[in-house]
Amino acid sequence: MSKRLMTGLYWFLALEFALGAVTKCWPGDTVFSSAYSEKFAAWGYPAWMRFVVAALEGVAALLLVVPDRRTRFLGATTLMFVLTGAVTTHIVHHDPAVESWAAPTHLVVMGILALAHWPADWRDLLRTPATPPGRAAARSGGASATPGGPLVNP
């Protein structure tokens, strides 16, 4: 798949979840559905829970658009946790399929994206990215050091 197409997919998904985050914070009905404050109360969640879900969705949306494997992996896995809760909520409360089809669909998509960006070693998520040798010399003002040797300025 082309890089441009994948970038477009990430931006599209990020905009969807950013819009979802905004609608969860919206005080009343939206163009898309009734007020989330009423929905979360009907599902038995505390009133503040919609803001937590909105914050997680917003942060994950930002992580999806950063062109780095680690951040996209973290964004996709964060959304997988949120969407697992959404799917479970829809199943437990017997919501009609017309209202709940998006959560399982997005859960599958996020699962695929998380697998696509799965780190080779889990410790890669904690490490700072390695700087290529050419960029390290440029950052230090053109000077480079050889192991065990003096600082050389070309």
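**View 1. H90 sits buried in helix α4.** At 15% relative accessibility, H90 counts as buried. Buried means under 20% relative accessible area, exposed means over 50%, and partly exposed lies in between (1.4 Å probe, protein chains only). Helix α4 holds H90. Helices (H or I, at least four residues) and strands (E, at least two) are DSSP runs, numbered from the N terminus. H90 and W43 are 47 residues apart in sequence, yet their C-alpha atoms are 8.8 Å apart in space.

This is a predicted model, where local features need pLDDT of at least 70, side-chain atom pairs count only at pLDDT 80 or more, and totals for chains, interfaces and linings use all residues. Residues are numbered from 1 along each chain as its sequence is written, and side-chain values use heavy atoms, with hydrogens and water left out.

**View 2. The whole chain, for orientation.** The chain has seven helices and two strands. Follow the sequence and the pattern reads α-α-α-α-α-α-α-β-β. How much of the chain is buried? Buried residues make up 29% of its 154 residues.

**View 3. The largest pocket.** This pocket has a volume of about 1,000 Å³. Of its 33 lining residues, the closest to the centre are K24, Y36, E57, H90 and A102. Which elements give two or more residues to the lining? They are α1 (3-25), α2 (36-42), α3 (49-65), α4 (69-92), α5 (97-100) and α6 (102-116). By type, the lining divides into 19 nonpolar, eight polar and six charged residues.

Some terms for this view:
- On a 1 Å grid over the protein atoms alone, a cavity is a set of points where a 1.4 Å probe fits but cannot get out. A pocket is an open set with protein on both sides within 12 Å along at least five of seven lines. Lining residues have an atom within 4 Å of a point.
- Grid points are joined across faces, edges and corners, and a volume is the space filled by probe spheres set on the points.
- Ala, Val, Leu, Ile, Met, Phe, Trp, Tyr, Cys and Pro count as nonpolar. Asp, Glu, Lys and Arg count as charged, and the others, Gly among them, as polar.

**View 4. A salt bridge between E57 and K24.** Side chains of opposite charge can pair when their charged atoms come close. The side chains of E57 and K24 meet in a salt bridge, at 3.3 Å from N to O. A salt bridge is a side-chain nitrogen of Lys or Arg within 4 Å of a carboxyl oxygen of Asp or Glu. E57 lies in helix α3 and K24 in helix α1, so the pair ties together parts that are 33 residues apart in sequence. Are these two residues buried or exposed? E57 counts as buried because its relative accessibility is 5%. K24 counts as buried too, at 8%. K24 also has M49 at 9.7 Å, C-alpha to C-alpha, and these two are 25 residues apart in sequence.

**View 5. A salt bridge between D68 and R70.** The structure holds two salt bridges, and one of them joins D68 and R70. Their closest N and O atoms are 3.8 Å apart. D68 has 30% relative accessibility, so it counts as partly exposed. R70 is partly exposed as well, with a relative accessible area of 22%.

**View 6. R69 in helix α4.** R69 is partly exposed, with a relative accessible area of 45%. Its place is in helix α4. R69 and A114 are 45 residues apart along the chain, and their C-alpha atoms are separated by 9.4 Å.

**View 7. C25 in helix α1.** C25 has a relative accessible area of 37%, so it is partly exposed. Its C-alpha atom is separated by 6.8 Å from that of A54, a residue 29 positions away along the chain.

**View 8. A nonpolar patch on the surface.** W48, F51, V52 and L56 form this patch, with about 390 Å² of accessible area together. Patches are made of residues with over 30% relative accessible area and no salt bridge: like charges are joined within 9 Å, nonpolar side chains (Val, Leu, Ile, Met, Phe, Trp, Tyr) within 5 Å. Accessible areas come from the Shrake-Rupley method with a 1.4 Å probe; for residues, only the protein chains shown count as cover. L56 lies in helix α3. At 39% relative accessibility, L56 counts as partly exposed.

**View 9. H94 in a loop.** Where is H94 found? The loop between α4 and α5 holds H94. H94 has a positive phi of about 50 degrees, although it is not a glycine. Its relative accessibility is 71%, so H94 counts as exposed.
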